[in-house]
Amino acid sequence: MMHYLDSAESLNNQIRQLRELLEFETPGRTKIPADIIEYVPYDNRITINAGENKGIKPNLPVISGPGLLGIVSTVDKTTSQVLLITSTSVKIGGLVIGSPNVPGIVQGQSMRRLVMDITVSDEVVTGAAVMTTGYSQFIPRGIRIGTIIESYRDEDSGVRRAIILPAATIGVSKEVVVLK
């Protein structure tokens, strides 16, 4: 009985994520559905089954139900490589939603952790949502990045640093959307 309940809960979570994915509104952007067909953990990279044949280009955002999963890095005819936002080589503009909103740069730190450097003196609150800033030609404003789980002032660099739990993680869903 317990195995059935665990399976039902897992399926309900997948349905919820697919609904969130389908209801994601981004004016002026086309949603291209794709499946994750390969995951390379040591590279923080996935392969999706959409490429040039579907209009995919480098630097486009890849979203799973809960939020931003990664950025397209390379494209061939039928597949694309996506660097996960947890990769240390990915840097994106982030905006802590609060009063006031606080901008910064988000970078991967580990598989379940992002770090955001904030150069303004504003405090950020644990539990606050972090969204994309939209200060990019490719990544629109308002895509959920994650939630702040810790904040501190780094005395060595003089910046405030926030630790973020990513909204989207690999393994939760096989389906993604590329925003073109």
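**Close-up views of a predicted model**

**Figure 1. Lining of the largest pocket.** With three residues, strand β6 (residues 91-96) contributes the most to the lining of the largest pocket. The model shown here and in the other views is predicted. The volume of the largest pocket is about 150 Å³. Its lining comprises 13 residues, and those closest to the centre are Lys91, Ile92, Gly93, Ser136 and Ile139. By class, the lining of the largest pocket consists of five nonpolar residues, seven polar residues and one charged residue.

**Figure 2. The barrel that contains β6.** Six strands, in the order β6-β7-β8-β11-β10-β9, close into a barrel with antiparallel pairing. On average, neighbouring strands of this sheet are turned by 45° against each other, direction ignored.

Figure 3. β6 pairs with strand β9 (residues 129-132) in the antiparallel sense, over three bridges. In this pair, glycine 94 stands opposite threonine 132 of β9. Strand β9 is also joined by three bridges to strand β10 (residues 144-154), and the two run antiparallel. Here methionine 131 has arginine 144 of β10 as its bridge partner. Strand β7 (residues 102-110) and strand β8 (residues 113-118) are paired over five bridges, again in the antiparallel sense. Serine 110 has its bridge partner, arginine 113, in β8.

**Figure 4. The barrel that contains β1.** Another set of six strands closes into a barrel, in the order β1-β2-β5-β4-β3-β12, and the pairing is antiparallel. Neighbouring strands of this sheet are turned against each other by 45° on average, with direction ignored. Strand β3 (residues 61-64) pairs with strand β4 (residues 67-75) over four bridges in the antiparallel sense. Proline 61 is found opposite isoleucine 71, a residue of β4.

**Figure 5. Strand β1 and its two partners.** Strand β1 (residues 31-40) runs antiparallel to strand β12 (residues 175-179), and five bridges join them. Across this pairing, aspartate 35 stands opposite glutamate 175 of β12. β1 also pairs with strand β2 (residues 45-48), in the antiparallel sense and over four bridges. Tyrosine 39 has isoleucine 46 of β2 as its bridge partner. β1 and β2 form a hairpin in which four residues lie between the strands. In the turn, asparagine 44 has a positive phi of about 50°.

Figure 6. One cavity of 30 Å³ or more is counted in the model. The largest cavity holds about 40 Å³ of space. Of the 11 residues that line the largest cavity, Ser64, Leu69, Thr169, Val172 and Ser173 lie nearest its centre. The lining of the largest cavity divides into six nonpolar and five polar residues, with no charged residue.

**Figure 7. Confidence along the chain.** The average pLDDT of the chain is 85, and 83% of the residues score at least 70. Among the elements of the chain, the highest mean pLDDT, 97, belongs to strand β5 (residues 80-84), and the lowest, 55, to helix α1 (residues 2-23). Over residues 1-5 the pLDDT is below 50, and this stretch has zero contacts in the model beyond near neighbours in sequence.

Methods:
Residues numbered from 1 in each chain as written. Predicted model: local features only at pLDDT ≥ 70, side-chain atom pairs only at ≥ 80, totals over all residues. Heavy atoms only, no water. pLDDT = per-residue confidence, 0-100. Contact = heavy atoms within 4.5 Å. 1 Å grid on protein atoms, 1.4 Å probe; cavity = no way out; pocket = protein on both sides within 12 Å on 5 of 7 lines; lining within 4 Å. Points joined across faces, edges and corners; volume = space filled by probe spheres on them. Nonpolar A, V, L, I, M, F, W, Y, C, P; charged D, E, K, R; others polar. Pairing = 2+ DSSP bridges. Axes fitted to C-alpha atoms, helices over the stretch in contact; angles between N-to-C directions.
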